[in-house]
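Subject: Structure handover

Hi,

My notes follow below it.

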Amino acid sequence: MKRFFLSILVIFALLVIGFNLWGYATLGTIDVAENAERQEDANAVVLVMGATGSAGDGLLKAAIEDPSVKKVYVLTRRSTPRIDAGVASGKVDMRLHKDFTDYSAFATELAEVNTVLWGLGTSSLKVDDATYTRIHVDFTIAFIKEWLSARNEAPMALHYITGMGTDPKGDAHWAREKGRLEREMAELAAPTPLRTFSYRSAYIRPTSENSNALTYLGELLLKPGKLVITSKALGQAMLEISTRITELPNGTLIDNADSIAYAQAYQESMAQ
Ligand SMILES: NC(=O)c1ccc[n+]([C@@H]2O[C@H](COP(=O)([O-])OP(=O)(O)OC[C@H]3O[C@@H](n4cnc5c(N)ncnc54)[C@H](OP(=O)(O)O)[C@@H]3O)[C@@H](O)[C@H]2O)c1
């Protein structure tokens, strides 16, 4: 029995080491520009989608804490302590919503929005294929169409978490659908002032308020291979990329190491 558990432990350790070596060797394809053209009010009005989720809570935290963000809209089915606190502070404007294929009631608000941080989504293990497509493709495409009909003026950027393993030609339905979404978002945005960015994130460690010993252990194990980012740092990377108005073109795919690098650039610019 002891030998069995020891073998399991060794296999797990080898897998973690191998994964980290792979991440370290292959991730990080974008060089963060040192003197990028910046527009400091590029994130004046931010909308967070999926703000009640594990990733979205950190995107919301980053937006609330950013002094250049003047207003944060949250479109959601329910509230959380962070949303409630943001509403109480006057910075967050929460709108309860049910049908995420229809945003026609929010044209006035969408006309104001510069930056969308999209953390709405679910696991392919929790829903059938048709529902997965509806949540990840139909919701997002309907949103972009409505946003573009309400606003046609830069700065506009949409940041979407697709996830590591996204692959338009992949074997898994989820990977193909998220790959299709990456392409369709960029195509919709191409003739407009909107830039769309897809984050092929690995493990997104929840905010400190929602973390526990297991999430911190996951972070520790995946850090050497740049396979983890905190949800707040991911939000900061998104805000940084919006601010760099000419650095990355519409449709850029951002891997986990790239998002770590942009989060670091954000933190350095805030420290100045
Ligand atoms: N967490 C990670 O480590 C990680 C890594 C890579 C990629 N991602 C991707 O990031 C996205 C979010 O992941 P997560 O871990 O934050 O998920 P999560 O904790 O389950 O949060 C999901 C969010 O999406 C909302 N949502 C889900 N289904 C919805 C529906 N049918 N209608 C309206 N809202 C809906 C949830 O709202 P309610 O609270 O109202 O249910 C919640 O705000 C997913 O696409 C996931 O694949 C996550």
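Which residue of S2 does Met49 stand opposite? Leu75 is the one. Please keep in mind that this is a predicted model.

**The sheet**

Met49 belongs to S1, which covers residues 45-49. S2 covers residues 71-76. The two strands run parallel, and 5 bridges join them.

Both sit in an open sheet of 7 strands. The order is S3-S2-S1-S4-S5-S6-S9, with parallel pairing. S3 (92-96) and S9 (252-255) are the edge strands. Each of these pairs on one side only. From one strand to the next, the twist averages 20°.

**Helices on the sheet**

H6 (residues 173-189) lies across S5 (156-161), S6 (194-200) and S9. H6 runs at about 165° to S6. H8 also packs on the sheet, where it touches S4 (115-118), S5 and S6. The direction of H8 makes about 155° with that of S4.

**H8 and its helix partners**

H8 spans residues 231-243. One partner is H2, residues 54-65. Their axes come within 7 Å and cross at roughly 55°. H2 and H8 are therefore oblique to each other. The crossing is right-handed. On the H2 side, the contact includes Ser54, Ala55, Asp57 and Leu59. On the H8 side, Ser231, Lys232, Leu234 and Met238 are among the residues met. By class, the H2 contact with H8 has 7 nonpolar, 5 polar and 3 charged residues.

Another partner is H9, residues 256-271. Here the packing angle is about 75°, and the axes are 7 Å apart. H8 and H9 are therefore roughly perpendicular to each other. H8 brings residues including Ala233, Leu234, Ala237 and Ile241. From H9 come Ser259, Tyr262, Ala263, Ala265, Tyr266 and Gln267. The class count for H8 with H9 is 9 nonpolar, 3 polar and 1 charged.

**H5 against H6**

The axes of H5 and H6 come within 10 Å and cross at roughly 10°. H5 and H6 are therefore roughly parallel to each other. From H5, the contact takes in Tyr132, His136, Val137 and Ile144, among others. From H6, the residues include Trp174, Glu177, Arg180, Leu181 and Met185. This contact of H5 with H6 divides into 8 nonpolar, 4 polar and 5 charged residues.

**The ligand**

What surrounds the ligand? A shell of 19 residues does. The closest are Thr52, Gly53, Ala55, Gly121 and Gly163. Two elements give two or more residues to this shell: H2 and S7 (203-205). H2 gives the most, with 3 residues. The shell divides into 7 nonpolar, 10 polar and 2 charged residues.

**Backbone points to check**

Most residues other than glycine have a negative phi, and most peptide bonds are trans. Two places here depart from that.

- Ala154 and Pro155 are joined by a cis peptide bond, with omega about 0°. Pro155 lies in the loop between H5 (129-150) and S5.
- Lys226 has a positive phi, near 55°, and is not a glycine. Lys226 sits in the loop between H7 (213-222) and S8 (228-230).

Best wishes

Terms used. Residues numbered from 1 in each chain as written. Predicted model: local features only at pLDDT ≥ 70, side-chain atom pairs only at ≥ 80, totals over all residues. Axes fitted to C-alpha atoms, helices over the stretch in contact; angles between N-to-C directions. Helix = DSSP H or I, 4+ residues; strand = E, 2+ residues; numbered from the N terminus. Parallel < 35°, antiparallel > 145°, perpendicular 65-115°, else oblique. Left-handed = near helix turned anticlockwise from the far one by under 90°. Contact = placed C-beta atoms within 7 Å. Nonpolar A, V, L, I, M, F, W, Y, C, P; charged D, E, K, R; others polar. Near = placed C-beta within 6 Å. Pairing = 2+ DSSP bridges.
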